Amino acid sequence: MLLKGEWILLTLLLTAPMSSAAANVVTDWDTKAVGIVQAGTAPPPPLAGCGKSRDFEKMAMERARYRNEGHIRSMAYGRAPGDEWQRNDDQSTFSAAC
Amino acid sequence: MAILHSAMFDAVNSIEPRYKPYKVRLPVTPDTSKEAAAAAAAAAVLIKLFPDAAADVQSTLTTYLTTLPDGDAKSKGVKLGQEVAAKILEARDQDGAAAADAYRPKTRPGVYIPTPITYGWALATMTPFALASPSQFRAKPPPSLKSAEWARDYNEIKEIGSKNSTKRNARQTEDARFWLVGGPLAYDQLPRQIVIAKNMDLLDSARSFRSRRRTR
């Protein structure tokens with residue numbers, strides 16, 4: 001049987017605020033930012049032609065700083081042989097549909 | 001992300017100056033809301049760098065701020081966060097990160113070049129967040145194609161990396177899958193869990209993220 005003091009201690013323990021670990025404003029905004037960054041670096045939709053791949057590359061260049069390299073799949077530099085890779089900035093480097 | 005976390009850290013550290021700031025320490029009174037400052041700093045950075053998401057970010061900020069008590073503390077926090085963010089953004093405005101892609105791969109038979117679309121070309125010249133120079137810890141060139149080291153590495157990858165390798169153990173497969181994913185989606189989960197598990201206060205949370213993000 002519990003003594004009075006032990007009941008009081010048990011009651012205090014059960015009713016005391018839990019100091020459980022939780023997210024805070026920093027982790028919350030990190031999560032928010034990652035979502036926005038990811039949205040800007042999502043893999044391209046199926047390419048319908050050179051125009052689309054070129055658009056994507058332009059977008060990718062603009063957002064290169066935030067690019068998640070692990071989620072962009074290579075399309076390779078398929079048509080560019082040897083030393084002739086001096087492409088212009090607005091030329092697509094994708095070979096999938098061009 | 002580095003700019004975002006630097007702004008949050010410098011904002012909170014201005015109120016509770018326990019660490020050396022990254023760029024900014026503004027004079028504020030101690031009653032300034034750290035939560036409001038951090039949130040406002042983050043939102044200001046995101047709105048500037050991702051204008052397409054501005055409405056969404058502003059809405060999130062407004063919703064978050066409603067959870068804080070109204071008053072001078074909150075107002076001063078928001079003002080501080082915005083001011084710190086502006087100064088961090090200004091400091092990084094000409095860091096070269098947005099430079100046009102100048103990478104022009106050239107090769108010849110037997111010389112490897114990356115086949116994915118290029119990533120991080122600007123890092124070669126960009127003003128680093130923490131390093132003394134971009135080349136401070138630059139990796140050495142790959143081994144010669146005719147070297148024993150190259151042959152050893154090639155065979156190792158071939159043996160362990162092939163899809164149906166019998167030499168790769170379960171842990172190595174798991175490791176490979178882990179490293180397949182990159183970027184903040186994968187890596188930011190780790191510091192988040194650490195911050196939460198260690199129940200860090202706001203300043204140390206911000207410092208933890210800031211330090212991790214300033215690795216280059």
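**Exercise 1.** Find what the buried residues of helix 4 of chain B pack against.

*Solution.* They pack against helix 1, helix 2 and helix 3 (54-66) of chain B. Contact here puts two C-beta atoms, placed from the backbone, within 7 Å. Helices are DSSP runs of H or I, at least four residues, numbered from the N terminus. Keep in mind that this is a predicted model, where local features need pLDDT of at least 70, side-chain atom pairs count only at pLDDT 80 or more, and totals for chains, interfaces and linings use all residues. Residues are numbered from 1 along each chain as its sequence is written, with chains lettered from A and ligands numbered from 1 in the order in which they are written.

Next, pick out the buried residues (20 or more other C-beta atoms within 10 Å of their own). Among them in helix 4 of chain B are B:G77, B:L80, B:G81, B:V84 and B:I88.

**Exercise 2.** Check the span of helix 4 (residues 72-92) of chain B.

*Solution.* Take 1.5 Å times one less than the number of residues. For 21 residues that should give 30 Å, and the end C-alpha atoms are 30 Å apart, so the two agree.

**Exercise 3.** Work out how helix 1 and helix 2 of chain B run relative to each other.

*Solution.* Start with the axes, lines fitted to C-alpha atoms over the stretch in contact, with angles from 0 to 180 degrees between N-to-C directions. Those of helix 1 (residues 2-15) and helix 2 (residues 34-49) of chain B come within 8 Å and cross at roughly 155°. That makes the two helices roughly antiparallel (over 145 degrees). On the helix 1 side of chain B, the contact residues include B:L4, B:A7 and B:A11.

Terms used
Angles under 35 degrees count as roughly parallel, over 145 as roughly antiparallel, 65 to 115 as roughly perpendicular and the rest as oblique. A residue is buried if 20 or more other C-beta atoms lie within 10 Å of its own, exposed if 12 or fewer, and partly exposed in between; C-beta atoms are placed from the backbone.
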